[in-house]
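Hello,

Here is the structure I promised to pass on to you. Have a look at it first, and then read my notes below.

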Amino acid sequence: MFILFESLDRDNRGCLSPDDFEALGGLAMNPIGGRIMEAFFSSGQDTVDFSSFVRILAHFRPTDRNRNKEGAQQELPSSRTRKLKFAFQLYDMDRDGKISREELLQVLRAMLGLQVTEEQLQSIAERAIQEADLDKDDAISFDEFKKSLEKTDIDTKMSVSFLK
């Protein structure tokens, strides 16, 4: 991981700026690459150090759980719940703990672009909200998001090949 960090840190500053992430071609090609890149930077922060870089990338490692001495499972950055929280934050743009219809539409527009019509995007968003919104508040909470993805293989969906 340090080799990747060093390769992105072209100025040898010991931290990365948003411009440094341009070297990750896959991220640039990802329709929500900008949202993923933003996840590396805390609010008001314009650089990321190595430890923060590793913490974010851990979400893209295979799910891993360790047991502590008492036998209880510890939640690691690569746990299913932490991966889902990370993914949820990519949709929850205003950080209010809910994915609104408009936030969902913004992500869908970025992901699908001109491949579908606006009417089709509206229909996809409407169906997603109807299926996931268990409390009928016209938004998706993290618990609803988690439940809607309970049969999804998160390891396959959230992996980055250069980390294997």
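Here is what I found, starting with a few words on the model.

This is a predicted model, so local features need pLDDT of at least 70 and side-chain atom pairs count only at pLDDT 80 or more, while totals for chains, interfaces and linings use all residues. Residues are numbered from 1 along each chain as its sequence is written, and side-chain values use heavy atoms, with hydrogens and water left out.

Let's begin with helix H4, residues 50-57. Helices (H or I, at least four residues) and strands (E, at least two) are DSSP runs, numbered from the N terminus. In H4, Ser 52, Phe 53, Ile 56 and Leu 57 are buried (under 20% relative accessible area; exposed is over 50%, partly exposed in between; 1.4 Å probe, protein chains only). They lie on the same side of H4, because they cover an arc of only 135 degrees around the axis, taken from the directions from the helix axis to the C-beta atoms. The buried residues of H4 pack against helices H1, H3 and H5 and strands S1 and S2, where contact means heavy atoms within 4.5 Å.

Next comes Thr 47, in the loop between H3 and S2. Thr 47 counts as partly exposed because its relative accessibility is 26%. Leaving aside residues up to four places away in sequence, Thr 47 touches Arg 13, Cys 15, Leu 16 and Phe 41. Asp 19 is 28 residues from Thr 47 in sequence, and their C-alpha atoms are 9.8 Å apart.

Enjoy exploring!
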